[in-house]
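Thanks for coming. I will go through one structure, a few residues at a time, and then the chain as a whole.

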Amino acid sequence: MKYLLTILLFLLMSAQGLAQRGTVTGVVVDKETGEELIGANVFIRSISQGAATDISGRYNLRLEPGVYTLEFSFITFQKQIVEDVEVEAGKVLQLDIVLVPDNEALDEVIISARRLDNNEASLLRLQQKSLPVQDGISSEEMSRAGFSNSAESMRQVTGASVEGGKFIVMRGLGDRYSISSMDGVVLPTTNPYRNSAGLDLIPSSTVDNIVVKKTFSPDLPGNFSGGAVDVTTKSLPDRLYFKLSSTVSYNDQTTFNNNFMGDPIKNSLSRLGYDDGSRARESLWSDSDYLKKLNNYIIQIQNNMLSPSEIESFNSTMRSFSNRAFTVSNETPGLNHSLNVMVGNRYALGSGNLGFNLGVNYSKSFVQYDEREINNFTARIPEEGASRMQAFQLNSGSESSDQVDSGLMGAVTYQPGSNHEFTYTSIYNNSASESVLDMRDGYYPGALSSGTYNNRVISFVQRELFNNQLKGRHHFDGFDVKWSANYIESSQYEPDTRFIGAPVDNSGQYFFVREVPLPFHFFRDLDDTQYNLKLDGETNISRWFKLKTGAFYTRKDRDFNEFRYQLENNGTDPDFDGFISFREASGNYEGYFSPENTGVIGNDGNGNNLLGITYRDQTRPQNSYTGFEQVSAFYLMGIFDFTDNFKAFAGARVEKTDFNVQSSAVNAQKGEIDVTDVLPSLNVIYSLNEKTNIRLSASQTLARPNIRELAPFASFDLLGGFPIVGNPEITRTNVTNLDFRYEIFPKSTELVAISAFYKDFKNPIVMELDVASDQPQYQYINTNSGRLFGVELEFRKGLGFISSRFDNFKFSTNFTYINSRVDLSDNELETRRRLDPSIKAFRSFPSQSPYIVNFMLNYENQETGWDGNIYANVFGPRLTANGAGAAPDIFEMYGKLDGNGQLQSERPVPDLNIKVRKTFVNGLSAALSVSNILDFSIIQYQEDNGEYFINSALNPGRTVSLSFTYDLN
């Protein structure tokens, strides 16, 4: 700790020395193309000082406080002179410049900095002059809105919604059809059930901008059709900066709740999100030779055929689970809290520059659901007037979760001159969740004829990600090159997840029955190793034609293992006085699973050993698997500037997909995909004038299953839901995309746009509920073709036109409407029409919301230091799983339940949030925010004849957060 304080003190002292000067920085771009101008000159005649723009088109000047006149020039462009540039001590002035080709008008343009809108160049570069249809948000907008991380920042982007606070979904299509990348390289995910990575661990302070491309171009990965989200991180800082922010938050459902449950297993590393081995398997449980003998030991012990040392070893193995049984600790969670520190600087090094960025983030949060519901229903073909819904398992109770997230980020950038740049970035993230699910009031009619059914799950899941990237940018005479190489290690570690389910009779006595599995201990681990290589080249063939080409290669290798150890009580003598039966324990898990009740607990007086409870190895080889995902690609595209107003680009990307998943079971079916796709793309842009564009796009893309979905095994759902089964026969989805967009930029900060899009899906992948088998289950399948049509409207405008009183207000809203359908198979349609002859021959597209609305009202007053925003998002019910046969489909939405656990309304509840911030002198600021003001619940449901059946319901509660930030910039 003392070393950290020393470093921070040194940085602050250095900052005070540099604070005597100010910094002027910005980007110089070509007005016609929106591209950065490399090597443009910036000169101040009064002090004979200047600079040249780097490979990103950015310049940087450190000046004494005062008022200056800056000259911007570049060969074949008009010179631009900016007067009245006021530099203040310790502050950074962002001054972006648009240069005009000298064939248009005058040789020189003079403008006052007080009349220059510094957002214009960024907007031209990111959106108006982009080739694909795209939206985005800049670091300045993130700062004004007070967003803390990249996922939160995405809420303002048209057609975007955020699932679980971290996963980005574009146009309501689900994360399968959206990809998340950082600096052009797709981010990996350690969650085997998600296709895109969470963005909540990327602090907004490290981000330069976030761009969402909604139409495909050949230089992008081919596996998206909803949107490609790219987070561009800061490479070379403008000057020394130091930012420290801390947040504490109160949740009205969780904080100080005495019902919170925790895992009694604690260790010195728990607060940091690590397990020190307290939950690890005892060594003999991983000894294959010992496990082969284990089942025979039961008979041998009872017949006194084992030596004392063998019995001692046996007891040690059996009792290794006793100190981590199924009891829980009662805790009272405090305030959620987080800390984020970022620091960076740049240095002159010879004729070039060297810069670095370092970041540390840590957060600890608690979640408590006091009215948690997890229900499962099957369906039948009913008699006339009867309901087809049948309860299979009904669970209600509570769930507690303790989440720890931490991360480190370091980046070093070296620019040997204006034409070259090298960056090395290393990111480490660790996320751990300790959870207890306690269902005390349940019923299990699918297995039990009567009585209540209680179950409990205690789990610890740790996910780690270590991402290393080396990238470079180079500008030669008429030729530009970008390249990157990544090495990524990621893992998921689940040590000793405990599951117990037990019926309770009318007198309150607990008991075991063969219809319900005996208690389990699960151990799971997943390890991924991934390599990425990416190369892009671009050259100007002529004034009106540019050629771009490149290649990409990625390979991910996975090793997944699952181990199961199940309670065994067949050899126990319930009449032995030293043994406590499960019925006698009557819910006293600590007494029943105690060491004294486990292993060899005595003898019968005739020299024969008596056994208490024991455990058996019930590991299933088919539940462990290895696999790899390998994709190689090459693309070629041309960019055509036919006239000043008419631009087009066309090309194709060739992607070879090679997936292979192999279960550890003998003769298990392999999951394989070996196919090559040609993905063409055509985009046309016509500018009616400088502020208005019309865009047309046509392309083909695809969506791939992930390794888990191909793995041929059933994953036991510890939360009480139906198992999830992989399918080695599923294949990738091919998508045809058509897009139209009409956009107007009245001012640099204002936008009016209307877009229309159409998508045709061949072999879309869905998760289907199969209730025809003895054990209902979810399975990934390819369905028939699917289609959707959508319209997007976006509007951003300052409100000063109403009155000068509203000069500090800005309003933005966007609305997305989607009509989608997937045709039912002939067999499914026949089955469903026996229930209802009028039933439609199609359903909505998987994970597709029929509409998405985002709204934001922003206030900013730089003179007083006050700013704030109100944000709301609402989406229509989205399909989460197909119902097979007679089962209705399962939908999800944000809604509310009444006192009887029924939906209050079919209308979804908006996610409404508000944030107010005050900036003080010396870089200090404080912010107060309230989230989920309308107190929605996340509800999954099925509907039958106007009646709603709740599959899952949880209420995250309202959260009030108080943040403090010190920003030396």
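Ile707 has a relative accessibility of 0%, so Ile707 counts as buried. Buried here means under 20% relative accessible area, exposed means over 50%, and partly exposed is what lies in between, using a 1.4 Å probe and protein chains only. Before going further: this is a predicted model, where local features need pLDDT of at least 70, side-chain atom pairs count only at pLDDT 80 or more, and totals for chains, interfaces and linings use all residues. Residues are numbered from 1 along each chain as its sequence is written, and side-chain values use heavy atoms, with hydrogens and water left out.

Back to Ile707. This residue sits in helix α9, residues 707-710. Which residues does Ile707 contact, leaving aside neighbours within four places in sequence? They are Lys556, Arg558, Tyr625, Gly627, Phe628, Glu629 and Val661. Contact means heavy atoms within 4.5 Å.

From Ile707 we can go to Gly726. The two are 19 residues apart in sequence, and their C-alpha atoms are 9.1 Å apart in space. Gly726 belongs to the loop between β36 (724-725) and β37 (733-744). Its relative accessible area is 4%, so Gly726 is buried. Between the C-alpha atoms of Gly726 and Ala711 there are 5.1 Å, with 15 residues of separation along the chain. Ala711 is also one of the contacts of Gly726 once neighbours within four places are set aside; the others are Arg708, Glu709, Pro712, Phe713, Gln779 and Tyr780.

Next, Ala668. This one is in the loop between β32 (646-663) and β33 (671-689). Is Ala668 buried or partly exposed? Its relative accessible area is 22%, so Ala668 is partly exposed. With neighbours within four places left aside, Ala668 contacts Gln662 and Ser663. Pro621 is 47 residues away along the chain, and the C-alpha separation from Ala668 is 9.7 Å.

Ser929 is a strand residue, in β49, residues 924-931. At a relative accessible area of 18%, Ser929 is buried. Not counting residues up to four places away, Ser929 touches Ile914, Lys915, Thr959, Val960 and Ser961. Ile914 is 15 residues from Ser929 in sequence, and the C-alpha distance is 5.5 Å.

Now backbone angles. Most residues other than glycine have a negative phi. Where are the positive values to look at? One is Phe256, which is not a glycine and has a phi of about 65°. Phe256 is in the loop between β17 (241-251) and β18 (261-262). Another is Asp496, also not a glycine, with phi near 55°. Asp496 is within strand β25, residues 479-504, and at 0% relative accessibility it counts as buried.

On to a helix pair. Two packed helices are described by the angle between their axes and the distance between the axes. For helix α5 (residues 288-302) and helix α6 (residues 308-318), the axes come within 12 Å and cross at roughly 110°. The axes are lines fitted to C-alpha atoms over the stretch in contact, and angles run from 0 to 180 degrees between N-to-C directions. α5 and α6 are therefore roughly perpendicular to each other, a label covering 65 to 115 degrees, with under 35 roughly parallel, over 145 roughly antiparallel and the rest oblique. The crossing of α5 and α6 is left-handed, that is, the near helix is turned anticlockwise from the far one by less than a right angle; clockwise would be right-handed. On the α5 side, the contact is made by Tyr290, Leu294, Tyr297, Ile298 and Ile301, and on the α6 side by Ser313, Phe314, Thr317 and Met318.

Finally, the whole chain. How many helices and strands does the protein chain have? There are ten helices and 52 strands. Of the 969 residues in the protein chain, 54% are buried. Among contacts with a separation of 6 or more, 71% are between residues 24 or more positions apart. The protein chain exposes about 40700 Å², of which carbon and sulfur atoms supply 53%; the areas come from the Shrake-Rupley method with a 1.4 Å probe.

Note on methods
Helices (H or I, at least four residues) and strands (E, at least two) are DSSP runs, numbered from the N terminus.
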